[in-house]
Amino acid sequence: MLLEIENLKASVEGKEILKGINLSIPAGEVHAIMGPNGSGKSTLSSIIAGKDGYEISGSIRFDGVEIMDWEPEIRSRAGIFLAFQYPVELPGVGLSSFLRACVNESRKHRGEPELDASAFLALMREKAALVELSQELIRRPVNQGFSGGEKKRNEIFQMAMLDPKMAILDETDSGLDIDALRIVAEGVNKLRHAQRSMLVITHYQRLLEYIIPDRVHVLIDGAIVMSGDRNLALTLEEKGYDWIRAGQEVSS
Amino acid sequence: MTTSPELMPNRPHAVQPVDKLRKLVPPNFRDEDWKYTQFPHFQQYKIQPPSVPGLSKGIPSSNLPIPSINEAWVVVVKNGMIQPHLSHLPEPSSGISVCSLPGTHFGPSVESEFGRGAIALKHGHYFSQWALEQNAVGVLIEVKKNVVAQKHLMIHTINDIPESKSVLPCHHVIKLGPNASLTFSEVMEGIGAGMSLSLHEIHLGVGSSLKHNQLQLWGNTHECIQQVLVNQEKESQYAHFAYCAGGGKVRNQLTVSQEGPLAHTELTGLVLPGAGEHIDNQTLMRHCTPNCSSRQRYRALVGHNGTSVFNGKVFVDPEAQKTDAYQHHASLLMHESAVSNAKPELEIYADDVKCSHGATTGMLDAGEIHYMRTRGLSEIQARMMLQDAFVRDLLDSLPVEILRSWCLNHCVDRLHALNQSTVNQPNNPL
Ligand SMILES: Nc1ncnc2c1ncn2[C@@H]1O[C@H](COP(=O)(O)OP(=O)(O)OP(=O)(O)O)[C@@H](O)[C@H]1O
Ligand SMILES: [Mg+2]
């Protein structure tokens, strides 16, 4: 198991947002999470990436190691990547110098030598081509003045640069136009391999036609209430979430 | 006030503006413009005599951005006096003259406009008038009509004023003839706990252009009061860059009057007060004629217990139609104890103008730091990178490469030190 989450609970100021999540993702698999607005999807992904400000209990193991006490940068260097639902603008911080520092921190963590300027440039070109990110955007400060779609594309570009073992994509599809969705999804597919797992959060079945998931989980009100194969996404698209909620009431 | 008359050079042309001075009293806290920065004991200060030329042995600090003599004319001014044996002055053929003020070149043209501190009087600055009354020494720079300076002119100011409550008054005059052009930089060192008090009077003739850079490298107990007064004639350009890297208590006043159409002014300042330091920048941009423009950009990065003050005035006279004036101030506080007081003041009496201003103050954004950490940077790396971006953007507009790269390095060192002293404080954000 690459990622194992056990009975994860999280609350903010007494309000319980995650109510005992259990989720296991084997290496190489792509899992999708779908769920209504406010059900806790972004909270779950933020907590996996190490955001503080929550009261948390339970366990998150990565590659067999408990990571609950790890700082976000250590999780990142160890190979966890979160593509933000709302990527943050970094005023004045150039994208390429930012990424160079990030990539070199990860390499140091893995005991690899730092990339020199020309090797880094070559890597950037290669990965930018993957999501068709223009050179003009690379020269700009991180996300500053980027359109919504450009920011999402930039998140996948950064993921490609950092080469994580576990990538969490929080609504990467929202805000992308039809062509951009295809380009970004194809980029993500090229990054799929047997050692890399992904957790894809989305509201729309459409993304999952490009990025075909091994498992689909439904998160409602802070708990995973149903899991299935890719067909579950089709059912949700057709029927919404009410039938699941109704089923829960019947069974409880 | 005590002074040593035998050390004061004779200055025949300086007629003392005594009448006006009598009316002025030292500013105090009731004075809105001096609310945050006061010098309550100024009247008890002793006068630091100027250095005698030739006695100064050498330049103490070698790690400063002093260009080679191939690239620049470098004039060393120790305690108000030019040190010719340490200086490389412009050749007479260059069309540029640099001499002591008062000195033999103190010609009638200067006398008529500046000799009586005419501009200073108009603006009623107590300390400048006081300096004039003391026959303050300094430097006179003249660039002749149509002369485009072939080299950069630098003044390396060394004010060695060891005792607190002692003051060195200086008066500098810079005059560009019509269509003249000059890049003029000042590297200003202030050693000791005394005060450097200076008045710069700058006159820019029709179509002339002055790039004026000041690196204020005052020691952390040094005091400074500076007033820079600029008169711009038609179609002239003035760009002022201030790098204020410290000082116990610093008060800079920069007043620019655009007195002819199509003049343009750029005022840029980067302020880095560290622990216990206090740096106050006041600008007054006066648009008096139509079709002029100005652009002010100031940034302050304030360490724990540091204080930055900024007051930016823009006055647009009724005649000054089509004025385009911009002002922005941003401060970044590195600790809860850091203080920034920034106030824009716009008085616009013309109706067809474009004037905009903005000010931001705050600490680094926790969301930005978190985002950077999720990409593998440590908290301190993330902070440094955001702070670096904050200053770098401004430093890019410093037009002299040797100064720009020196300031960048200096900034990075300062940032390390400021972060370090911030980390060592209680309630540090790390
Ligand atoms: N810091 C916080 N303080 C208070 N409430 C919070 C905080 N963070 C999240 N919440 C609440 O927790 C719930 C889950 O939020 P979350 O962002 O995880 O939802 P989501 O499933 O990602 O929704 P969406 O589909 O709209 O992106 C919401 O009701 C939200 O208001
Ligand atoms: Mg969300």
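Chain B has an average pLDDT of 87, and 84% of its residues score at least 70; pLDDT is the confidence of the predictor in each residue, on a scale from 0 to 100. Over residues 1-21 of chain B the pLDDT is below 50, and this stretch has 43 contacts in the model beyond near neighbours in sequence. Over residues 103-117 of chain B the pLDDT is also below 50, with 35 contacts beyond near neighbours in sequence. A contact means heavy atoms within 4.5 Å.

Chain A averages a pLDDT of 94, and 98% of the residues score at least 70. Helices (H or I, at least four residues) and strands (E, at least two) are DSSP runs, numbered from the N terminus. For the complex, the predictor gives an ipTM of 0.96 and a pTM of 0.85.

This is a predicted model, in which local features need pLDDT of at least 70 and side-chain atom pairs count only at pLDDT 80 or more, while totals for chains, interfaces and linings use all residues. Residues are numbered from 1 along each chain as its sequence is written, chains are lettered from A and ligands numbered from 1 in the order in which they are written, and side-chain values use heavy atoms, with hydrogens and water left out.

**Sheets of chain A**

Strands of a sheet pair through backbone hydrogen bonds, either parallel or antiparallel. Here two strands pair if DSSP finds at least two bridges between them.

One open sheet of chain A has four strands in the order S2-S1-S4-S5, with antiparallel pairing. Strand S2 (15-25) and strand S5 (65-66) of chain A each have a single partner strand, so one side of each is left without a neighbour in the sheet. Strand S1 (residues 3-12) of chain A runs antiparallel to S2(A) and is joined to S2(A) by eight bridges. Within S2(A), Leu23(A) is the bridge partner of Ile5(A). Helix H1 (residues 41-49) of chain A packs on this sheet and touches S1, S2 and strand S4 (55-62) of chain A; the direction of H1 makes about 110° with that of S1(A). Axes are lines fitted to C-alpha atoms, for helices over the stretch in contact, and angles run from 0 to 180 degrees between N-to-C directions.

A second open sheet has six strands in the order S6-S7-S8-S3-S9-S10 (chain A), with mixed pairing. Its edge strands are S6 and strand S10 (223-228) of chain A, each of which pairs on one side only. Neighbouring strands of this sheet are turned by 20° against each other on average, direction ignored. Strand S3 (residues 30-34) and strand S9 (residues 215-220) of chain A pair in the parallel sense over four bridges. In S9(A), Val216(A) is the bridge partner of Ala32(A). Helix H6 (residues 148-162) of chain A lies across S6, strand S7 (166-170) and strand S8 (197-201) of chain A, and runs at about 170° to S6(A).

**Pocket and cavities**

On a 1 Å grid over the protein atoms alone, a cavity is a set of points where a 1.4 Å probe fits but cannot get out, and a pocket is an open set with protein on both sides within 12 Å along at least five of seven lines; lining residues have an atom within 4 Å of a point. Grid points are joined across faces, edges and corners, and a volume is the space filled by probe spheres set on the points.

The largest pocket holds about 670 Å³ of space. Of the 32 residues that line the largest pocket, Ser46(A), Gly50(A), Lys51(A), Asp52(A) and His370(B) lie nearest its centre.

The largest cavity has a volume of about 100 Å³, and S9(B) gives the most to its lining, with four residues. The second largest cavity holds about 70 Å³; among the residues nearest its centre are His240(B) and Asn281(B).

In the table, Ala, Val, Leu, Ile, Met, Phe, Trp, Tyr, Cys and Pro count as nonpolar, Asp, Glu, Lys and Arg as charged, and the others, Gly among them, as polar.

| Lining | Residues by class |
|---|---|
| Largest pocket | 14 nonpolar, nine polar, nine charged |
| Largest cavity | eight nonpolar, eight polar, one charged |
| Second largest cavity | five nonpolar, nine polar, no charged |
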